[in-house]
Amino acid sequence: MSSSVDATSTSLAEDLQDLQLDRPAKGLKSVEELEKLTVDEHLSDIERSVYLLSSGQEVQRISVIHNLPDLLRDTESHDECMRRVVPKVREVLHLAQTDMQLAATSAFLQILQKNLVPIQNYSQTFLQTILNSVDSKDPDVASAWLDTLLDVIDLLPKEVIKKEILGSAISKGQLAQSVQSRLACCRILGKISTKFEPFVIKKEILPVVQSLCQDVDYEVRGCMCRQLDCVARGLGLEATKSAILPELVELTNDEECHVRIAGLETVVNILSLLDTETCGTTIIPLVCKICQQAVQAEDATLPVVATQLGKLCHGIADNLTDEQKQWFIDFYKKLCHVGLEKNKASSRVTTPVIDKDRGGSKESDLTDIFELEDKLVECRKNSAFNFPAMVLFCGAKQFKPDLHVTFTHLCKDPHFMVRKTISGGFHEVCKLLGNSANLIQSDLVALLKDESIEVLKGVVSNMPAILDCYMSSGSNHTVSESKSGPLSDIIPAFLASENAVFTSNNWRLQEMLMNNLSCLNKCYSSENIYNKVIPILRQKLLKARALPVKVAAARSLLKLTRKVKKREQRDEIFHGLIHEFCHARKCYLRNVFVDICRIVIELYSKKFFKETFYEYLLELHTDSVPNIRLNLCSILPDLKRLLILPTDRGLLQQLDACVRKLLVAEKDKDVTDGVQSALEELDKIHIPMQSMTRRNLFEQDLEDQKKEEEEKLLLDNEEKELKKEEEAAEKKKGDKRNLVSAKKGSENGSSSKIPGPRKDDNKPISPNTKGAGTSNNKLVKSKSINCLSQIPRRDGKDLSKTKIVSPAPTPGKSPGNKVQVNSNISKASTGDSNINKKRVSSPKLSRLPLYNSNPNLHPGRPSSPSLIPIKASTTSSTNKTIKATRGSGIPAPGSAGTRRASVPTISTSRRGSLSGQLPTEVTPKAKGSNGALTPSIKERKKSR
């Protein structure tokens, strides 16, 4: 056992030694080999080229041919190169290898494209070499020279083509020539047919074309069939109907599948040349026959029919009747369902019979089954590719009855290639449907939930266009405004597709998804963006592997943040970026912060960046990782472009300090080089000065001003919304307060007979109260905030003990300016006690009239002037007020007409003060023995 293992390992070592993949060649080149590769340095370019073409190695000759256009471009060496080098090149090409031949094809075409040689000289030298090399025995070399000849025909004049190429092409098309020559003839004739007049084509080219259409080799027939549309364009309509169409009809019925496919493609290409009559009588019946044969045979023509059906239907749409149009729609439905029927599937999976005479019959039959399955899948895939064309063919109005079910089947096809194709054209179908795009909403959701990454790629890459279609098709509201709209199902499915996309290793698809998430700002509300989209972007910004995915997530995050309405949410996002990246422990996250700042500079205003990110970005110059400092050096010039003097003088000093510290303390070589290059660019940047006068605004300044205005508008809108919310809340509270007061008023009205205050103060109040000996119209303590009991007193006394009572109103007179102080109210009066117990709401003091210190008790006499507004805290003003009111007191009830004390002092506060809503102030006095108000001791001394 051990001997066998040793033998195996020995043989394996010998095989690896024989390969010698990584080992250099043994020994160095000999002196003779070096001498062969050595060229005299004193030789000119022409002499060196001639020497290398004559005795140089293969690599040296190829180098000379590559440099041939450069030699001809030099005016000094042009003539000598045409005389010495070009003949040598033509001589070498007869026996040259494939690499040299391919180099020559490229060089000869460049010479003609750049007009380095006159046309006459080119046709005599280079063109002859091209024509001779087309007949090369090597098929690769011959094909390369043929492609070069076809490109040269486009650049040559008609006379040269007729003289040098036409005769050679016709001679190659004879039956005696090889198949390769006849195939070359077909392509050359198709190319030159558009260069000549119709009579020249009809006389010189058409007979050869008809002969090649009847060639014995099917490849020649198919090649000539593909060139018939070019020949028809040169001939014209009448000659095409008489000479080309019969050949085309015969070729579409050829026994070889390859020829029939070429015939169908030519029919599609020639439709634009034919008139209505020819299409109706010849082309439409021919196309229907081809389609029926393809479905019955299920051969290689079926996928081609599915590919060309869209162009075919559009080409003949104007010539079709309603029945014919419906026939093509039904045929398209069959193509979309081909291979999915149960009976056909069971017939294809039947076990083949094994023939004893033929070994491996079962394997060959299985191979045929798989090939047929691939053809049917390809047919459905091509049908899915043509679905937008068929929607345009039948019209958006007929989509639901004709194609909706078929579209659903294609979106749920068992093969992922079909679903991939239909997902790639989904946005085109949405655009064509317009307002009817809601019909395929469920199909879009199904594709977004597909497990195949290829299917998701088709939808995700075109998601912005799809959402625009749904937004413009009568769904202009956001998801939050209409939860029953189509976007309410599409956007969650779009966000959920992120899980499937990030399970794969396709970082380009991940980047595309992150970029396309920014399109949700048009159709998603601010709250949904903040709560559902931004968390996904922040997570991928932290955890995604590929750096382009992180950058794409950062860009979408910053774009969507501009649409977030609440300032608190925006600040939280920006603070999160600073905390999670600038102050992160992992170095690659701190490096991403520099890229985030680049995007912020691009999307936001200069003012915002300087206020939010500027200082945090400069902090990275002290980072311990050299790569981060190197990345910071690349953004320093952008920071200087943001500054404006003298406003940003402090920021400029911080930038200078950062650069100075990097220059002095940096030890890493790469970072030092980065700082030097950044410093050179910083010196070239001029910082503009902020002037009070009008300054010239550049395009960048206008863009920055527009960004700043958008940011200000966002803040203003937020303030307006807050004010609206506050007003709505106050209004709601006011409605509740009015409702409560109305209920209390109704309760008070039912229990008390004292009427409430009226709005019109000019009308007399007619009280309906019970009681005797007292006035019936009294102002009692109220619950309102402006009542007199709540006014703070300077001497600490309570105002609630003093009651202000108005006398009984005189008919026809307004009692608004009459005030009496009732301090001796009989407690035996039951009516007054009931009135005082029940508190009735009084009008606000701000609406009460200013009371006079000497009320007019006698109607008809002029009242004394009212008090001048004075400060309550001034002593002199108080004394004057007391003197002014000393002799004009109000007689208290029960005082037998004697005037004792003065009226309580009533002062008016200044306007604008906190007591502006309290225009009157009453100072209570001490009561005498008879119940009347008596002045205090201090007032008596002052009055004396």
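This predicted model contains zero disulfides. Cysteine 411 shows the geometry. Its nearest cysteine sulfur belongs to cysteine 430 and sits 9.9 Å away.

The largest nonpolar core has 224 residues. Six of its members touch the most others: Phe108, Phe126, Phe387, Tyr470, Leu520 and Leu617. In soluble globular proteins, nonpolar side chains tend to be buried together.

Take leucine 520. Setting aside residues up to four places away in sequence, leucine 520 touches Leu467, Ile491, Phe494, Leu495, Ile529 and Val533.

Helix α32 covers residues 507-516. Which of its residues are buried? They are Leu509, Gln510, Leu513, Met514 and Asn516. An α-helix has 3.6 residues a turn, so residues three or four places apart point the same way. The cover over the buried residues of α32 includes α29 (453-461), α30 (463-472) and α31 (487-501). It also includes α33 (526-543) and α34 (547-561).

Helix α18 spans residues 276-297, and threonine 276 lies in it. Is threonine 276 buried or exposed? Its relative accessible area is 54%, and exposed means over 50%, so threonine 276 is exposed. Leucine 320 lies 44 residues from threonine 276 along the chain. Their C-alpha atoms are separated by 9.9 Å.

Note on methods: Residues numbered from 1 in each chain as written. Predicted model: local features only at pLDDT ≥ 70, side-chain atom pairs only at ≥ 80, totals over all residues. Heavy atoms only, no water. Disulfide = S-S within 2.5 Å. Core = buried A, V, L, I, M, F, W, Y, C linked by side-chain atoms within 4.5 Å. Buried < 20%, exposed > 50% of the residue type's maximum accessible area, 1.4 Å probe, protein only. Contact = heavy atoms within 4.5 Å. Helix = DSSP H or I, 4+ residues; strand = E, 2+ residues; numbered from the N terminus.
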